[in-house]
Amino acid sequence: MDKSFPVKLLLLLLAMLSCCAAGVYLLYLEQYTGACISFAGMLLLVWVLYKSIKQVHKKVDYFINAIANDDYTFQFPVKPTLGSSTADLSRQLNRVKEVMQQKRLAMQEQEKYYEVLLSKINAGVLLVSESGHVTQANQKALSLLGREVFTHLHQLQSSMPELYAVLHAIRSGEQHKVVFANEREQIELLVQASLVALRNQKLRIIVLNDIRQLLDEQEMENWIKLFRILAHEIMNSIAPITSLSDTLLQLHNDSSSADTLKEDTKNGLQLIHETAKGLTSFVSSYHRLLRVPTPQKERLEVSDFLNGIVVLSSHLPYFEHIHFNIEVSSDAPPLYADENLLGQVMINLVKNAVQSIERAGITQGIIHLHFQKSFDGGALLEVSDNGPGIAPELANQIFMPFFTTKSEGSGIGLSIARQIMRAHGGRIQVHSTPGQMTKFCLFFC
């Protein structure tokens with residue numbers, strides 16, 4: 001049965017002392033042969049002790065190097081073998097390895113959990129060292145910065161100097177607003193910082209919030225509350241009017257009198273009836289802003305989808321004066337979206353572009369439908385035209401409910417488009433140069 005290593009060391013030392021004492025005693029008795037045998041036995045025990053200590057050192061050294069290199073695949077043999085006295089040590093080292101491996105796996109799972117948690121946060125998060133190295137950046141931060149990889153603040157120094165200056169100088173507890181432009185758009189961020197100590201290193205946690213998105217969400221929430229109140233009050237007011245007018249009209253229809261007063265009353269009631277119905281239809285149309293269904297996403301064949309949009313738009317009055325260009329980039333990612341909801345958005349954008357070109361009297365209109373990879377690695381669908389463009393003072397209002405520049409427009413088309421894109425987890429933006437072009441960009445994550 002294998003003894004523990006310390007016991008074996010003790011036994012070896014006692015045996016060595018015994019051999020040494022026996023050799024000295026035999027020398028005293030002048031029995032030189034026995035003395036030589038005793039000293040030879042002592043030397044043999046010294047060699048055995050040296051070999052045992054070397055085995056221990058070798059195993060411990062291998063163990064330390066393996067752990068330092070995150071290698072947990074080793075396994076020391078624990079069955080005693082001839083010349084080996086470290087089976088018990090092997091067993092203990094294997095046990096230590098298993099405990100450390102379990103701790104390491106638990107830490108990796110925890111880190112993975114935090115990474116997933118960071119990826120779900122609707123704000124950019126950067127973990128920055130004192131020297132400016134970025135040790136962690138979630139997907140939202142990379143998207144806001146327009147980068148696939150971000151490892152050091154100096155990467156922003158030339159392309160986004162305003163943002164670099166804020167990120168470089170901001171300290172714990174501070175917050176700053178900064179406006180900068182990436183490859184495709186202008187972004188306004190609220191930057192906040194806090195300090196944390198991790199592994200004896202001071203790190204800054206920098207949080208980036210898209211102010212425009214926050215304002216848009218708050219604005220839409222306020223509009224939705226207003227719509228609900230308006231719909232409730234107006235519908236409650238209209239319902240009895242409609243019911244009463246229907247009743248009175250029925251009474252007049254049943255009457256055989258042709259009295260002028262009754263005829264006038266009938267005409268008035270008819271007007272009330274039609275007005276009430278118009279108001280009901282008016283309110284119902286705006287209810288659509290509150291009822292965007294959850295998208296049923298599926299992978300779309302983009303070329304077929306865009307060609308279908310052109311076919312569905314062919315009934316528009318000015319269609320024969322428009323030339324459509326459809327382009328799908330070779331590196332574009334797959335598009336997952338609700339075909340019906342996205343079709344509503346695209347048809348509305350194409351219709352607006354055709355009407356804009358018509359109002360400007362442009363006889364050679366061009367509408368370009370382009371699907372490509374966005375700067376942050378997502379999907380981007382663009383609808384651009386060579387129409388008269390949008391005045392800068394109107395560009396920030398076109399997505400507002402009820403806002404329209406057309407006498408026959410309801411002002412909810414672009415508002416619904418924005419809601420549909422938000423339901424897809426994306427967003428819609430407009431870029432326009434007055435007198436030259438207008439481009440709507442649909443971003444998908």
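User: What are the ground rules for numbering and for which atoms count?
Analyst: Residues are numbered from 1 along each chain as its sequence is written, and side-chain values use heavy atoms, with hydrogens and water left out. As the model is predicted, local features need pLDDT of at least 70 and side-chain atom pairs count only at pLDDT 80 or more, while totals for chains, interfaces and linings use all residues.

User: How many salt bridges does the structure hold?
Analyst: Three.

User: Why is the contact between Lys 439 and Glu 382 called a salt bridge?
Analyst: A salt bridge is a side-chain nitrogen of Lys or Arg within 4 Å of a carboxyl oxygen of Asp or Glu. For Lys 439 and Glu 382 the N to O value is 3.9 Å, so the pair qualifies. Lys 439 lies in strand β12 (residues 437-444) and Glu 382 in strand β10 (residues 379-385), so the pair ties together parts 57 residues apart in sequence.

User: What makes Glu 382 buried?
Analyst: Its relative accessible area is 6%, and buried means under 20%, exposed over 50%, partly exposed in between (1.4 Å probe, protein chains only). Lys 439, at 22%, is therefore partly exposed.

User: Which residue does Lys 373 pair with?
Analyst: Lys 373 forms a salt bridge with Glu 148, the closest N and O atoms being 3.5 Å apart. Glu 148 counts as exposed at 55%, whereas Lys 373 is partly exposed at 35%.

User: How far apart in helix α3 are Glu 98 and Arg 95?
Analyst: They are three residues apart, so about one helical turn separates them.

Technical notes. Helix = DSSP H or I, 4+ residues; strand = E, 2+ residues; numbered from the N terminus.
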